[in-house]
Amino acid sequence: MLTRKQLELLEFIHRRLQKDGVPPSFDEMKEALDLRSKSGIHRLITALEERGFIRRLAHRARAIEIVKLPDALEKKGMTLRVIEGDAPPPPPPSAMPVDAVHALELPVMGRIAAGVPIEAISEVSHTVAVPGSMLSGKGRHYALEVKGDSMIEAGINDGDVVVIREQGTADNGDIVVALVEGYEATLKRFRRRGDMIALEAANAAYEDRVLPADQVKVQGRLVGLIRSY
């Protein structure tokens, strides 16, 4: 059983997918449901995901897959058409030798904040050539452009391109792509503190962010960096 707001949001997402082929942004959802903040939308999205009606896809803030529709919507004549967001998944480099000397093309999935978290950008804007030796393991890899200076003491500057290996876990001290509250992405050092997660900056001008573990999802770990002069 869904609440009225949950049903309204699911119907709004479904109609936008059917019409435009991409899901609405959090701002559009907030306005459509007349809510005051994105946190309310995040709670509704989480509830729909927990009940198996939708699925959020990694690394793409506006990529929502509708898994099923409730009877109330099906009776209104709606049909299910699954759309996996507005960006293709990164190609698995496992098909290519990771120790190759030649460069490999990785998709640049958008910008990642090394500062105050920004809403993740889901488009593949271009590709970047990455040395095969930079890729670690057999997991999927992708690239992000850094925006901000909160990681400069770790050698990561504004405008750098970071290479990320997709993974959902991290060890203390790893620099990770973290999704905060479901819609904000940031690049920070990961530190577990009991049942809390600290996202640590590498710049004395920024404070660390300490959040409940269920508000932070690791999306990948830093494995390389590319800088243009």
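This is a predicted model: local features need pLDDT of at least 70, side-chain atom pairs count only at pLDDT 80 or more; totals for chains, interfaces and linings use all residues.

Let's start with helix α1, which covers residues 4–20, and helix α3, which covers residues 38–50. Two packed helices are described by the angle between their axes and the distance between the axes. Here the axes come within 10 Å and cross at roughly 85 degrees. Angles from 65 to 115 degrees count as roughly perpendicular, so that is the label for α1 and α3.

Which residues meet where α1 and α3 come together? On the α1 side you'll find K5, Q6, L9, L10 and I13, and on the α3 side I41, L44, I45, A47 and L48. By type, the residues of this contact split into 8 nonpolar, 1 polar and 1 charged.

**The largest pocket**

Helix α3 turns up again here. The largest pocket has a volume of about 210 Å³, and 13 residues line it. If you want to find its centre, look for H42, T46, R56, D214 and Q215, the lining residues that lie nearest to it. Two elements give two or more residues each to the lining: α3 and β12, the latter spanning 216–226. Of the elements, α3 gives the most, with 5 residues. As for the kinds of residue in the lining, they divide into 2 nonpolar, 4 polar and 7 charged.

| Residue | Element | Relative accessible area |
|---|---|---|
| Q6 | helix α1 | 7% |
| L222 | strand β12 | 18% |

Are Q6 and L222 buried or exposed? Buried means under 20% relative accessible area, so Q6 at 7% counts as buried, and so does L222 at 18%.

What does Q6 touch, once residues up to four places away in sequence are set aside? The answer is L44, A47, L48 and R51. Among them, L44, A47 and L48 also belong to the α3 side of the helix contact described above.

Leaving out neighbours within four places in sequence, L222 is in contact with I156, V162, V163, I164 and I175.

Notes. Residues are numbered from 1 along each chain as its sequence is written. Side-chain values use heavy atoms; hydrogens and water are left out. Axes are lines fitted to C-alpha atoms, for helices over the stretch in contact, and angles run from 0 to 180 degrees between N-to-C directions. Helices (H or I, at least four residues) and strands (E, at least two) are DSSP runs, numbered from the N terminus. Angles under 35 degrees count as roughly parallel, over 145 as roughly antiparallel, 65 to 115 as roughly perpendicular and the rest as oblique. Contact means heavy atoms within 4.5 Å. Ala, Val, Leu, Ile, Met, Phe, Trp, Tyr, Cys and Pro count as nonpolar, Asp, Glu, Lys and Arg as charged, and the others, Gly among them, as polar. On a 1 Å grid over the protein atoms alone, a cavity is a set of points where a 1.4 Å probe fits but cannot get out, and a pocket is an open set with protein on both sides within 12 Å along at least five of seven lines; lining residues have an atom within 4 Å of a point. Grid points are joined across faces, edges and corners, and a volume is the space filled by probe spheres set on the points. Buried means under 20% relative accessible area, exposed over 50%, partly exposed in between (1.4 Å probe, protein chains only).
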